[in-house]
Amino acid sequence: MAAKPSAPQQQKLLAVLIDADNASAAMVEGLFEEIAKFGVASVKRIYGDWTQPNLGKWKQVLLDHSIQPIQQFAYTRGKNATDSALIIDAMDLLYTRRFDGFCLVSSDSDFTRLAARLREEGLTVYGFGEEKTPPPSSRPATSSSTPRSSVPTRPRPWTNRPPMATKPRPPPPPNRPSPPPRRNRRRCRWTSSPN
């Protein structure tokens, strides 16, 4: 009796979400080679403010790799509007239940909680970034990697620093009287109306 051939193993469907503000266009070639080892990148999105000249290097890369750019204007300097858009899309994709895993591409730790939340749902999370990526962002990922073509950078100084020792606060001098209690303290209450 001939052995029944086993069904080919279905490849994992992956959603690839890239933070253009914190990833280099030079790393994309190696990035997709690495992702192909884990599954099929069925959704490829990149988030940024495409009106900014510093993201101009991405234009040809987006065309070559069929990556969908998602526009998020930077309404306020120093805020994470791009990160918020990526997180919202990740949660929308999560609840479609179509994906076996996510690939988060960023070189900062802004997506640490997102990676942990995706893993709570039982999905595989792959983290990709440059060598400067701080350790907290790679810990919640199932696997983290630095693509071969990434731009090497030195680690941020705080990543190699030992924890700071805290000194106990000295007791107050014995001769000093304690301050009188504050009597005119105003209380502030936050309320929200249902209207």
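At what angle do α3 and α4 pack, and how far apart are their axes? Some notes on this and other parts of the structure follow.

1. Ground rules. This is a predicted model, where local features need pLDDT of at least 70, side-chain atom pairs count only at pLDDT 80 or more, and totals for chains, interfaces and linings use all residues. Residues are numbered from 1 along each chain as its sequence is written, and side-chain values use heavy atoms, with hydrogens and water left out.

2. The overall layout. The protein has five helices and six strands. Here helices (H or I, at least four residues) and strands (E, at least two) are DSSP runs, numbered from the N terminus. Of the 195 residues, 35% count as buried; buried means under 20% relative accessible area, exposed means over 50%, and partly exposed is in between (1.4 Å probe, protein chains only).

3. Contacts along the chain. Take the contacts between residues at least 6 apart in sequence: 63% of them join residues at least 24 apart. Contact means heavy atoms within 4.5 Å.

4. Back to the opening question. α3 and α4 pack at an angle of about 5°, and their axes are 11 Å apart. That makes α3 roughly parallel to α4. From α3, the contact uses Leu86, Ile87, Ala90, Met91 and Leu94, and from α4 it uses Leu114, Arg117 and Leu118. Sorted by class, that contact has seven nonpolar residues, no polar ones and one charged. For the terms: axes are lines fitted to C-alpha atoms, for helices over the stretch in contact, and angles run from 0 to 180 degrees between N-to-C directions. Angles under 35 degrees count as roughly parallel, over 145 as roughly antiparallel, 65 to 115 as roughly perpendicular and the rest as oblique. As for the classes, Ala, Val, Leu, Ile, Met, Phe, Trp, Tyr, Cys and Pro count as nonpolar, Asp, Glu, Lys and Arg as charged, and the others, Gly among them, as polar.

5. A closer look at α3. Helix α3 covers residues 81–94, and its 14 residues should span 20 Å at 1.5 Å a residue; the end C-alpha atoms are 20 Å apart, which agrees. (The expected span is 1.5 Å times one less than the number of residues.) The buried residues in α3 are Thr82, Asp83, Ala85, Leu86, Asp89, Ala90, Met91, Leu93 and Leu94. What covers them includes β1 (13–19), β2 (40–48), β3 (68–71), β4 (101–105) and α4.

6. The other helix pair. Helix α1 (residues 28–36) and helix α2 (residues 58–65) have axes that come within 11 Å and cross at roughly 30°. The two are therefore roughly parallel to each other. Val28, Glu29 and Phe32 of α1 make the contact with Trp58, Val61 and His65 of α2. By class, this contact has four nonpolar residues, one polar and one charged.

7. Glu29. Sitting in helix α1, Glu29 is partly exposed, with a relative accessible area of 48%. Glu29 and Val61 are 32 residues apart in sequence, yet 8.7 Å apart in space, C-alpha to C-alpha.

8. Asp21. Where do you find Asp21? Look in the loop between β1 and α1. Asp21 counts as partly exposed because its relative accessibility is 41%. Leaving out residues up to four places away in sequence, Asp21 touches Tyr47, Gly48, Leu55 and Thr82. Asp21 and Asn80 are 59 residues apart in sequence and 9.8 Å apart in space, C-alpha to C-alpha.

9. Two positive phi values. Most residues other than glycine have a negative phi. Ser66, in the loop between α2 and β3, has a positive phi near 50°. Arg97, in the loop between α3 and β4, has a positive phi near 60°. Ser66 counts as exposed at 57% relative accessibility, and Arg97 is exposed too, with a relative accessible area of 54%.

10. Arg119. Arg119 lies in helix α4, residues 112–120. At 41% relative accessibility, Arg119 counts as partly exposed. The C-alpha atoms of Arg119 and Gly101 are separated by 8.8 Å, with the two residues 18 apart along the chain.
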